[in-house]
Amino acid sequence: MTKSDASALSTDVSHIAPREKAEILSQALPYIRKYHGKTIVIKYGGNAMTDPALQQDFAEDVVLLKLVGLNPVVVHGGGPQIEELLGKLGKKGHFIQGMRVTDKETMDVVEWVLAGEVQQDVVGMINAAGGKAVGLTGRDGGMIRAKKLKVQDKDDPSKEHDIGQVGDIVSIDPSVVKALQDDQFIPVVSPIGFGEHNESYNINADVVAAKLATVLQAEKLLMLTNIRGVLDKEGQLLTELTPRRIDELVADGTISGGMIPKIAGAIDAAKSGVNAVHIIDGRVPHAMLLEILSDQAYGTMIRSK
(Lines give C-alpha, C1' and ligand atoms only; values in the text may rest on other atoms or scores of the structure.)
Protein backbone atom coordinates (compact mmCIF):
# COMPACT_ATOMS: atom_id res chain seq x y z
CA MET A 1 0.00 0.00 0.00
CA THR A 2 1.42 3.38 -1.04
CA LYS A 3 0.89 6.65 0.81
CA SER A 4 -1.68 7.61 -1.82
CA ASP A 5 -3.46 4.31 -1.21
CA ALA A 6 -3.55 5.04 2.51
CA SER A 7 -4.85 8.56 1.95
CA ALA A 8 -7.57 7.12 -0.26
CA LEU A 9 -8.90 5.33 2.83
CA SER A 10 -10.46 8.60 3.91
CA THR A 11 -11.55 9.15 7.49
CA ASP A 12 -13.92 11.94 6.44
CA VAL A 13 -17.37 10.93 7.70
CA SER A 14 -19.21 14.15 6.77
CA HIS A 15 -21.12 12.32 4.03
CA ILE A 16 -22.59 9.82 6.53
CA ALA A 17 -26.10 10.59 7.76
CA PRO A 18 -26.48 11.15 11.54
CA ARG A 19 -28.65 8.04 11.89
CA GLU A 20 -25.99 5.91 10.20
CA LYS A 21 -23.28 7.41 12.43
CA ALA A 22 -25.34 6.50 15.48
CA GLU A 23 -25.75 2.95 14.17
CA ILE A 24 -21.99 2.63 13.65
CA LEU A 25 -21.32 3.82 17.20
CA SER A 26 -23.94 1.50 18.69
CA GLN A 27 -22.30 -1.49 16.99
CA ALA A 28 -19.15 -0.82 19.03
CA LEU A 29 -21.04 -1.09 22.34
CA PRO A 30 -20.77 -4.88 22.75
CA TYR A 31 -17.01 -4.71 22.26
CA ILE A 32 -16.63 -1.78 24.68
CA ARG A 33 -18.60 -3.76 27.26
CA LYS A 34 -16.56 -6.94 26.59
CA TYR A 35 -13.16 -5.27 26.93
CA HIS A 36 -13.99 -2.70 29.62
CA GLY A 37 -11.25 -2.71 32.26
CA LYS A 38 -9.04 -5.04 30.19
CA THR A 39 -5.43 -4.31 29.22
CA ILE A 40 -4.52 -3.91 25.54
CA VAL A 41 -0.79 -3.86 24.72
CA ILE A 42 0.05 -2.09 21.46
CA LYS A 43 3.38 -2.39 19.63
CA TYR A 44 3.66 0.93 17.79
CA GLY A 45 5.90 1.01 14.73
CA GLY A 46 6.12 1.26 10.96
CA ASN A 47 4.37 3.95 8.90
CA ALA A 48 2.04 4.71 11.80
CA MET A 49 5.07 6.26 13.53
CA THR A 50 6.26 8.38 10.62
CA ASP A 51 3.17 9.53 8.68
CA PRO A 52 1.70 12.66 10.38
CA ALA A 53 -1.93 11.76 9.62
CA LEU A 54 -1.48 8.22 10.91
CA GLN A 55 0.32 9.53 14.00
CA GLN A 56 -2.71 11.68 14.77
CA ASP A 57 -5.09 8.75 14.19
CA PHE A 58 -3.01 6.53 16.48
CA ALA A 59 -2.94 9.07 19.31
CA GLU A 60 -6.68 9.71 19.08
CA ASP A 61 -7.43 5.97 19.02
CA VAL A 62 -5.32 5.33 22.13
CA VAL A 63 -7.09 8.14 23.99
CA LEU A 64 -10.51 6.92 22.88
CA LEU A 65 -9.76 3.38 24.08
CA LYS A 66 -8.75 4.76 27.47
CA LEU A 67 -11.83 6.97 27.74
CA VAL A 68 -14.24 4.10 27.03
CA GLY A 69 -12.70 2.02 29.80
CA LEU A 70 -9.90 -0.03 28.23
CA ASN A 71 -6.30 0.13 29.48
CA PRO A 72 -3.91 0.64 26.55
CA VAL A 73 -0.16 0.20 27.07
CA VAL A 74 2.08 1.36 24.22
CA VAL A 75 5.49 -0.16 23.41
CA HIS A 76 7.31 1.65 20.60
CA GLY A 77 10.22 0.95 18.31
CA GLY A 78 12.47 3.44 16.54
CA GLY A 79 14.79 1.66 14.11
CA PRO A 80 14.59 4.23 11.28
CA GLN A 81 15.17 7.13 13.70
CA ILE A 82 18.21 5.35 15.18
CA GLU A 83 19.58 4.66 11.70
CA GLU A 84 19.11 8.32 10.71
CA LEU A 85 21.02 9.67 13.70
CA LEU A 86 23.84 7.14 13.33
CA GLY A 87 24.19 8.26 9.72
CA LYS A 88 24.42 11.90 10.77
CA LEU A 89 27.17 10.93 13.22
CA GLY A 90 29.05 9.15 10.43
CA LYS A 91 28.70 5.78 12.12
CA LYS A 92 28.22 2.86 9.73
CA GLY A 93 26.00 0.06 11.00
CA HIS A 94 27.32 -3.50 11.17
CA PHE A 95 24.88 -6.39 11.21
CA ILE A 96 25.24 -10.07 12.09
CA GLN A 97 22.40 -12.36 11.01
CA GLY A 98 20.12 -9.36 10.62
CA MET A 99 20.86 -7.87 14.07
CA ARG A 100 22.70 -4.62 14.63
CA VAL A 101 26.00 -4.90 16.50
CA THR A 102 25.50 -2.43 19.34
CA ASP A 103 28.72 -1.10 20.86
CA LYS A 104 28.80 1.47 23.67
CA GLU A 105 28.60 4.47 21.32
CA THR A 106 25.70 2.96 19.39
CA MET A 107 23.91 2.15 22.65
CA ASP A 108 24.20 5.80 23.69
CA VAL A 109 22.50 6.78 20.43
CA VAL A 110 19.79 4.11 20.93
CA GLU A 111 19.01 5.44 24.42
CA TRP A 112 18.96 9.04 23.26
CA VAL A 113 16.59 8.27 20.37
CA LEU A 114 14.25 5.76 22.05
CA ALA A 115 14.04 7.17 25.57
CA GLY A 116 14.34 10.77 24.39
CA GLU A 117 13.21 11.88 20.95
CA VAL A 118 10.82 9.06 19.96
CA GLN A 119 9.27 8.48 23.36
CA GLN A 120 8.61 12.16 23.97
CA ASP A 121 7.04 12.48 20.52
CA VAL A 122 4.63 9.62 21.30
CA VAL A 123 3.84 10.93 24.78
CA GLY A 124 3.29 14.44 23.41
CA MET A 125 0.94 13.24 20.66
CA ILE A 126 -1.22 11.27 23.10
CA ASN A 127 -1.35 14.16 25.56
CA ALA A 128 -2.24 16.62 22.78
CA ALA A 129 -5.12 14.29 21.83
CA GLY A 130 -6.52 14.56 25.36
CA GLY A 131 -4.83 11.64 27.09
CA LYS A 132 -2.44 11.43 30.02
CA ALA A 133 0.61 9.54 28.77
CA VAL A 134 3.76 8.83 30.79
CA GLY A 135 7.04 7.64 29.24
CA LEU A 136 8.96 4.73 30.74
CA THR A 137 12.06 2.70 29.97
CA GLY A 138 12.88 -0.68 31.41
CA ARG A 139 14.94 1.07 34.08
CA ASP A 140 11.91 2.81 35.59
CA GLY A 141 10.64 0.86 38.57
CA GLY A 142 13.18 -1.86 37.76
CA MET A 143 10.77 -2.99 35.06
CA ILE A 144 12.90 -4.86 32.49
CA ARG A 145 15.89 -6.86 33.68
CA ALA A 146 18.01 -8.12 30.80
CA LYS A 147 21.18 -9.96 29.87
CA LYS A 148 23.37 -10.05 26.79
CA LEU A 149 21.64 -11.80 23.91
CA LYS A 150 23.62 -14.79 22.69
CA VAL A 151 23.43 -15.21 18.93
CA GLN A 152 24.06 -18.72 17.70
CA ASP A 153 25.70 -19.01 14.29
CA LYS A 154 23.13 -20.20 11.76
CA ASP A 155 25.69 -22.47 10.06
CA ASP A 156 27.70 -23.62 13.08
CA PRO A 157 25.58 -24.06 16.25
CA SER A 158 28.70 -24.41 18.39
CA LYS A 159 29.72 -20.83 17.54
CA GLU A 160 28.25 -17.68 19.12
CA HIS A 161 28.46 -14.08 17.90
CA ASP A 162 28.97 -11.12 20.23
CA ILE A 163 26.66 -8.32 19.07
CA GLY A 164 27.30 -5.99 22.01
CA GLN A 165 24.57 -4.44 24.13
CA VAL A 166 21.61 -6.21 22.55
CA GLY A 167 19.50 -7.71 25.29
CA ASP A 168 17.47 -10.78 26.10
CA ILE A 169 14.74 -10.32 28.73
CA VAL A 170 15.39 -11.98 32.10
CA SER A 171 12.25 -10.73 33.85
CA ILE A 172 9.62 -7.99 33.76
CA ASP A 173 8.18 -6.37 36.88
CA PRO A 174 4.98 -4.60 35.74
CA SER A 175 4.35 -2.79 39.05
CA VAL A 176 5.05 0.69 37.67
CA VAL A 177 2.83 0.06 34.63
CA LYS A 178 -0.04 -1.14 36.83
CA ALA A 179 0.34 1.85 39.16
CA LEU A 180 0.07 4.23 36.22
CA GLN A 181 -2.96 2.39 34.84
CA ASP A 182 -4.69 2.60 38.20
CA ASP A 183 -4.23 6.38 38.13
CA GLN A 184 -5.70 6.58 34.60
CA PHE A 185 -2.37 7.23 32.88
CA ILE A 186 -1.33 5.65 29.57
CA PRO A 187 2.15 4.04 29.85
CA VAL A 188 4.47 4.47 26.86
CA VAL A 189 7.39 2.04 27.08
CA SER A 190 10.78 2.25 25.33
CA PRO A 191 12.39 -1.19 24.78
CA ILE A 192 15.50 -0.61 26.89
CA GLY A 193 16.46 -2.96 29.72
CA PHE A 194 19.24 -3.02 32.30
CA GLY A 195 21.68 -5.72 33.36
CA GLU A 196 23.10 -6.89 36.67
CA HIS A 197 25.96 -4.36 36.45
CA ASN A 198 23.61 -1.48 35.53
CA GLU A 199 24.52 -1.70 31.85
CA SER A 200 21.86 -0.80 29.28
CA TYR A 201 20.51 -3.18 26.68
CA ASN A 202 18.62 -2.53 23.46
CA ILE A 203 15.81 -5.10 23.16
CA ASN A 204 13.62 -5.94 20.20
CA ALA A 205 10.40 -3.94 20.68
CA ASP A 206 8.22 -6.81 19.43
CA VAL A 207 9.71 -9.06 22.10
CA VAL A 208 9.17 -6.45 24.84
CA ALA A 209 5.54 -5.96 23.78
CA ALA A 210 4.88 -9.70 23.77
CA LYS A 211 6.53 -10.31 27.16
CA LEU A 212 4.81 -7.31 28.73
CA ALA A 213 1.44 -8.47 27.40
CA THR A 214 2.09 -11.88 28.95
CA VAL A 215 3.07 -10.49 32.36
CA LEU A 216 0.08 -8.12 32.38
CA GLN A 217 -2.21 -10.96 31.20
CA ALA A 218 -3.47 -8.59 28.53
CA GLU A 219 -6.73 -9.25 26.72
CA LYS A 220 -5.10 -8.39 23.40
CA LEU A 221 -1.68 -7.73 21.92
CA LEU A 222 -1.80 -5.57 18.78
CA MET A 223 1.32 -5.34 16.62
CA LEU A 224 1.21 -2.53 14.03
CA THR A 225 3.19 -3.29 10.87
CA ASN A 226 3.68 -2.02 7.32
CA ILE A 227 1.88 -4.97 5.75
CA ARG A 228 -1.71 -6.20 5.90
CA GLY A 229 -0.67 -9.05 8.20
CA VAL A 230 1.04 -12.35 7.45
CA LEU A 231 0.77 -13.12 3.74
CA ASP A 232 1.16 -16.42 1.91
CA LYS A 233 3.42 -16.83 -1.12
CA GLU A 234 0.61 -15.60 -3.38
CA GLY A 235 0.28 -12.42 -1.33
CA GLN A 236 -3.03 -13.43 0.22
CA LEU A 237 -3.76 -12.47 3.82
CA LEU A 238 -3.69 -15.32 6.33
CA THR A 239 -6.34 -14.23 8.84
CA GLU A 240 -5.55 -16.93 11.42
CA LEU A 241 -2.40 -18.89 12.24
CA THR A 242 -1.37 -21.68 14.63
CA PRO A 243 2.17 -22.58 15.79
CA ARG A 244 2.24 -25.63 13.48
CA ARG A 245 1.25 -23.55 10.45
CA ILE A 246 3.79 -20.87 11.40
CA ASP A 247 6.58 -23.50 11.54
CA GLU A 248 5.65 -24.54 8.01
CA LEU A 249 5.72 -20.94 6.78
CA VAL A 250 9.13 -20.30 8.37
CA ALA A 251 10.51 -23.54 6.88
CA ASP A 252 9.46 -22.63 3.33
CA GLY A 253 10.65 -19.02 3.67
CA THR A 254 7.21 -17.38 3.61
CA ILE A 255 7.92 -15.90 7.05
CA SER A 256 11.46 -14.52 7.26
CA GLY A 257 13.65 -11.64 8.43
CA GLY A 258 12.14 -9.17 10.88
CA MET A 259 8.79 -10.98 10.86
CA ILE A 260 10.31 -13.98 12.69
CA PRO A 261 10.81 -12.34 16.14
CA LYS A 262 7.40 -10.66 15.77
CA ILE A 263 5.74 -14.03 15.15
CA ALA A 264 7.77 -15.81 17.84
CA GLY A 265 6.74 -13.22 20.42
CA ALA A 266 3.11 -13.48 19.30
CA ILE A 267 3.10 -17.27 19.75
CA ASP A 268 4.71 -17.02 23.21
CA ALA A 269 2.11 -14.46 24.29
CA ALA A 270 -0.78 -16.53 22.95
CA LYS A 271 0.50 -19.66 24.70
CA SER A 272 1.00 -17.75 27.95
CA GLY A 273 -2.53 -16.45 28.42
CA VAL A 274 -2.96 -13.41 26.16
CA ASN A 275 -6.41 -14.04 24.71
CA ALA A 276 -5.75 -12.69 21.22
CA VAL A 277 -2.66 -11.57 19.33
CA HIS A 278 -3.19 -9.53 16.15
CA ILE A 279 -0.67 -8.41 13.54
CA ILE A 280 -2.40 -5.51 11.79
CA ASP A 281 -1.73 -2.96 9.07
CA GLY A 282 -0.72 0.29 10.75
CA ARG A 283 -1.07 2.11 7.40
CA VAL A 284 -4.86 1.82 7.61
CA PRO A 285 -6.42 4.83 9.39
CA HIS A 286 -7.85 3.83 12.80
CA ALA A 287 -6.70 0.22 12.31
CA MET A 288 -6.76 -0.41 16.07
CA LEU A 289 -10.37 0.67 16.48
CA LEU A 290 -11.41 -1.45 13.51
CA GLU A 291 -9.71 -4.48 15.05
CA ILE A 292 -10.91 -4.02 18.63
CA LEU A 293 -14.37 -2.50 18.26
CA SER A 294 -15.75 -4.43 15.29
CA ASP A 295 -16.12 -8.03 14.15
CA GLN A 296 -14.07 -7.47 11.00
CA ALA A 297 -10.65 -9.15 10.57
CA TYR A 298 -8.12 -6.47 9.66
CA GLY A 299 -4.96 -8.53 10.06
CA THR A 300 -3.63 -11.90 11.18
CA MET A 301 -4.68 -13.43 14.48
CA ILE A 302 -2.26 -15.83 16.20
CA ARG A 303 -3.85 -18.69 18.14
CA SER A 304 -2.01 -20.83 20.68
CA LYS A 305 -3.07 -24.10 19.04
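The buried residues of helix α8 pack against β14 (240-241), α9 and β16 (299-302). This is a predicted model.

**Helix α8**

- Helix α8 spans residues 243-251, and its buried residues are P243, I246 and L249.
- These residues sit on the same side of α8, because they cover an arc of only 115° around the axis.
- The face turned away from that buried side carries exposed residues: R244, D247 and A251.
- After α8 comes G253, which has a positive phi, near 85°.

**Strand β10**

- Strand β10 is made of residues 186-189, and both of its faces are covered.
- On one side, I186 and V188 are buried; on the other, P187 and V189 are buried.
- Strand β2 (residues 71-76) runs parallel to β10, and two bridges join them.
- Within this pairing, V75 stands opposite V189 of β10.
- Strand β5 (residues 133-136) also runs parallel to β10, joined by four bridges.
- Here G135 has V188 of β10 as its bridge partner.

**The largest pocket**

- The volume of the largest pocket is about 1400 Å³.
- Its lining has 43 residues, and N204, A205, D206, G258 and P261 lie nearest its centre.
- Several helices give two or more residues to this lining: α4 (79-88), α5 (104-128), α7 (205-215) and α9 (259-271).
- Strands that do so are β1 (39-44), β4 (99-100), β9 (167-172) and β13 (220-225).
- By type, the lining divides into 20 nonpolar, 17 polar and six charged residues.
- Helix α9 links two topics: buried residues of α8 pack against α9, and α9 gives two or more residues to the pocket lining.

**The largest cavity**

- The structure holds one cavity of 30 Å³ or more.
- The largest cavity contains about 70 Å³ of space.
- Residues lining the largest cavity include A48, L54, D57, F58, D61 and L224.
- Also among them are G282, V284, P285, H286, A287 and M288.
- Two or more lining residues come from each of α3 (52-67) and α10 (287-292).
- Helix α3 gives the most to this lining, with four residues.
- The cavity lining divides into eight nonpolar, two polar and two charged residues.

Key: Residues are numbered from 1 along each chain as its sequence is written. This is a predicted model: local features need pLDDT of at least 70, side-chain atom pairs count only at pLDDT 80 or more; totals for chains, interfaces and linings use all residues. Side-chain values use heavy atoms; hydrogens and water are left out. Buried means under 20% relative accessible area, exposed over 50%, partly exposed in between (1.4 Å probe, protein chains only). Two strands pair if DSSP finds at least two bridges between them. On a 1 Å grid over the protein atoms alone, a cavity is a set of points where a 1.4 Å probe fits but cannot get out, and a pocket is an open set with protein on both sides within 12 Å along at least five of seven lines; lining residues have an atom within 4 Å of a point. Grid points are joined across faces, edges and corners, and a volume is the space filled by probe spheres set on the points. Ala, Val, Leu, Ile, Met, Phe, Trp, Tyr, Cys and Pro count as nonpolar, Asp, Glu, Lys and Arg as charged, and the others, Gly among them, as polar. The arc is that of the directions from the helix axis to the C-beta atoms. Contact means heavy atoms within 4.5 Å.
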